[in-house]
There are 2 protein chains.
Amino acid sequence: MSQALLTDLYELTMAYSYFKRGMNSPATFDLFVRPPVPNRRFLVFAGLESALSYLENLHFDDDDLAYLDTLGLFDRDFLDYLSRFRFQGEVWSVSEGEIVFPGEPLITIEAPRIEAQIVETFLLNTVNYETLIASKAARVLLAAGKEASVVDFSPRRDHGADAAIKAARASYLAGFDGTSNVLAGKLFGLPVVGTMAHSYVMSFPDEGAAFRAFAEDHPRPILLIDTYDLTRGLENAIAVAKELQAKGRSLVGVRIDSGDLAEATRMVRRRLDAAGLHDVKIFISGDLDEYRIEAFKAQGGVAWGYGVGTRLGTSYDLPALGGVYKLVEDDAGPRIKKSPGKHTLPGKKQVWRLEDDGHPSDRITLREETGEGRPLLRQVMRQGRRLVPPPDLKKLREATRERIFSLPEALKDLSPVENPTYPVTVSPRLLSLQNEAFLENS
Amino acid sequence: MSQALLTDLYELTMAYSYFKRGMNSPATFDLFVRPPVPNRRFLVFAGLESALSYLENLHFDDDDLAYLDTLGLFDRDFLDYLSRFRFQGEVWSVSEGEIVFPGEPLITIEAPRIEAQIVETFLLNTVNYETLIASKAARVLLAAGKEASVVDFSPRRDHGADAAIKAARASYLAGFDGTSNVLAGKLFGLPVVGTMAHSYVMSFPDEGAAFRAFAEDHPRPILLIDTYDLTRGLENAIAVAKELQAKGRSLVGVRIDSGDLAEATRMVRRRLDAAGLHDVKIFISGDLDEYRIEAFKAQGGVAWGYGVGTRLGTSYDLPALGGVYKLVEDDAGPRIKKSPGKHTLPGKKQVWRLEDDGHPSDRITLREETGEGRPLLRQVMRQGRRLVPPPDLKKLREATRERIFSLPEALKDLSPVENPTYPVTVSPRLLSLQNEAFLENS
């Protein structure tokens, strides 16, 4: 199935009008997130790989065209044009895993107007979600701390199959250790992890039998100890751990998924240690997110690892990013939109990052200006062909983790905030161009 | 690509253990939403078609098996078993579009234990999301009112491609009039709708030229009038409407996407009427949901139609449903889980609905009991083959709309509520079975 029709109808009705009028000279669009973004003091950019793969493969199948014909909106010439349609534009983009801020162009598309218009919906769909999840994952990591193991348990609550796959990749890219999602593991080479469900325990005559069976059938067993009674579950797990020890094997850990997790983990750690099982890890799950992990730790909870599901994969405290895609320049010059509260920055731009002792400080300039620091946008596609290979996800993850944990304390603060401020300024030349365009445009 | 690996790893590690032990006698699992669900006084069930299509087509490709082999968790016998794997169980389900309540079984799977286990993740993923969106759409419809036209504008903010497709279908199924999503239109035969973006207006020398061009190129034009200045935009639209009238055509409507929508629509309606353009419709969009539509109407806003995007497709005030999938019976009898706050109802069940003057009142019973009213669960699959054809979506939409608008006022109340109560009781026999199982199970 081609992805060409994963678009709002208006992209095609606008494209049709441009086509009829020969309005296909180059136009430049910026994809950026409108500030402010509640509860997000920074974002982690993700979605470029999905975007590039889409742009490289974009085409309309025969049955797409047959369907469009049934709508009665387009003539034969336009459908013929679509049958030959390929994206042949230039793309500038921030790299995946980069820390970014609302207001900064993340992707800039320069292409014949029709091509640039038609790709809007898909690019927004994928960048909005992948950046949303990478940014949420970064917060969960900060709450869990550098030493903890954090994995994605979200597939059952993600919004459909594509979300589950993208949530696994985006959270790994931000620094998670793995995912329960087997398909994402296969597609991206991510570490896949998993223990057992309550239904497994319930499928045996008693809990001890279930634990023994699982330990026998799984090389690295983690036992879920709260199906019936936590204390009894723990005793059963300790018995199995001793049996494994006697065979030269070991119990990797126990998982707790319900109840007062802080109190439960303290008790479990104490008893495991008392039994000499210092290496048996405690793994917790159950509607976790950065707020709950912070509270858990503040209450003295002790865990080696966290399985984070629903609230990661749906970015529960902020279920959508306000990413938009705006015309900023065309053959008539720089362009801006004047709708109340929705002004845009005109022209082709660059973002320059100064890092003073880990404190990022960004300036948005015109692309032709030279700023201080490091330019965040680089050209990644020319005439529809990508210029950069896909990233090595393992290395990207390492670098992103490092970047997130090295952020200044003010940005690492996870407390809720309605209207965060961002360390971003706009160059005087760009500001004055905005003022000119505001006065001039229509 | 097969969907078999869209699963949590633990489904496969558990399945492997069952396989090794020959534990493959029939087991019954219920899929239900844990009560309470904040801000939802009722739910609209959706996702059955995705579930049945998944179950009918479920298989492991050669490259799925090759990947699983690399994990070092499974032996050759099990991979051989998976290569022949097909879902051959029985499925009972509520019908799509039915009003349902948390706690009620929505889908019951009875299958050899391995089959029943492996399908958990996908079923939860799709039913959780589709029911979430159908339920959110119902609230938006109630706010907009029976006379209004409401359409899905969510693709750019939905969580990936699959979510965009499912949001379009689920909102239509609940009673929306259409979607901007062209692919969903093609896949499900949904009406597709769309107007123009600000970038279209900005692509012409002036707004009037843009409006004229669009009206010429589109048979049913709706003009977006807030790119630069609303009042001027409206004047330009009125001029175009008059020109169309002179040609025997008409302007369908104007769209407003920003600013104070209540005030703006009052002004626009007044001026359109003053210009004799009573038939020109007002269409609004911009971060709408049921709360904002209620407020808009309370402030005297007047709109013929609503485009609802971000807050529909992400179910912004409740981004996830707590749907779970629990073992309720196996060859050892009825089963329950005892984790704190997470008790389940054992056994194979039925839900009976009494409708007293539109007031639904439900009772959950054992399947073998006969209740009063109408049974909500029917068998939809036998030995892996579906027993019911896919629904006619148009008819289903009509019936669901009717059902939603006919609900009693108490259920139609849209005000936020942390802990709604639901008109659901449990039969004495089922309650006593739960008590027995609670005492017995492990």
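Which residue in E16(B) stands opposite Arg353(B)? The residue opposite Arg353(B) is Arg374(B). The paragraphs below lead from the overall model to the sheet that holds this pair.

The structure is a predicted model, in which local features need pLDDT of at least 70 and side-chain atom pairs count only at pLDDT 80 or more, whereas totals for chains, interfaces and linings use all residues. Residues are numbered from 1 along each chain as its sequence is written, and chains are lettered from A and ligands numbered from 1 in the order in which they are written.

Of the 442 residues in chain A, 57% are buried. A residue is called buried if 20 or more other C-beta atoms lie within 10 Å of its own, exposed if 12 or fewer do, and partly exposed in between, with C-beta atoms placed from the backbone. Two residues are in contact if their C-beta atoms, again placed from the backbone, lie within 7 Å. Among the contacts in chain A with a separation of 6 or more, 72% join residues 24 or more positions apart.

Chain A is divided into domain 1 (9-133 + 319-440) and domain 2 (142-313), with bounds that come from an automatic or database domain assignment. The C-alpha centres of the two domains of chain A lie 38 Å apart. Where they meet, 16 residues of domain 1 are in contact with 18 residues of domain 2. On the domain 1 side, the elements that give two or more residues are helix H6 (120-144) and helix H15 (393-405) of chain A. H15(A) supplies the largest share, seven residues. By class, this side has nine nonpolar, two polar and five charged residues. In this division, Ala, Val, Leu, Ile, Met, Phe, Trp, Tyr, Cys and Pro count as nonpolar, Asp, Glu, Lys and Arg as charged, and the others, Gly among them, as polar.

The next topic is the pairing of the chains. Chain B can be laid on chain A with an RMSD of 0.0 Å by a turn of 180° and a shift of 0.0 Å along the axis, which is the relation of a two-fold axis. The superposition is by least squares on the C-alpha atoms of residues with pLDDT of at least 70 in both copies. The same surface serves both copies, as 100% of the contact residues of chain B recur in chain A. In the interface, 81 residues of chain B are in contact with 81 residues of chain A. H1(B) gives the most to the chain B side, with eight residues. That side divides into 34 nonpolar, 27 polar and 20 charged residues.

One residue illustrates how the chains meet. Asn128(A) lies in helix H6 of chain A and counts as buried because it has 25 C-beta neighbours inside 10 Å. The residues that Asn128(A) touches, not counting those up to four places away in sequence, include Gly323(A), Arg156(B) and Arg157(B). Although Asn128(A) and Gly323(A) are 195 residues apart along the chain, their C-alpha atoms are separated by 5.7 Å.

The text now returns to the sheet of the opening question. Strands of a sheet pair through backbone hydrogen bonds, either parallel or antiparallel. In chain B, four strands form an open sheet in the order E16-E14-E15-E19, with mixed pairing; two strands pair if DSSP finds at least two bridges between them. Strand E16 (374-375) and strand E19 (424-426) of chain B stand at the edges, each with a single partner strand, so one side of each is left without a neighbour in the sheet. Two bridges join the antiparallel strands E14(B) and E16(B).

Some local features of the backbone complete the picture. A cis peptide bond joins Pro35(A) and Pro36(A), with omega of about -10°. Pro36(A) is found in the loop between strand E1 (26-33) and strand E2 (43-44) of chain A. In chain B, Gln383(B) has a positive phi near 45° and is a residue other than glycine. Gln383(B) is exposed, with 11 other C-beta atoms within 10 Å.
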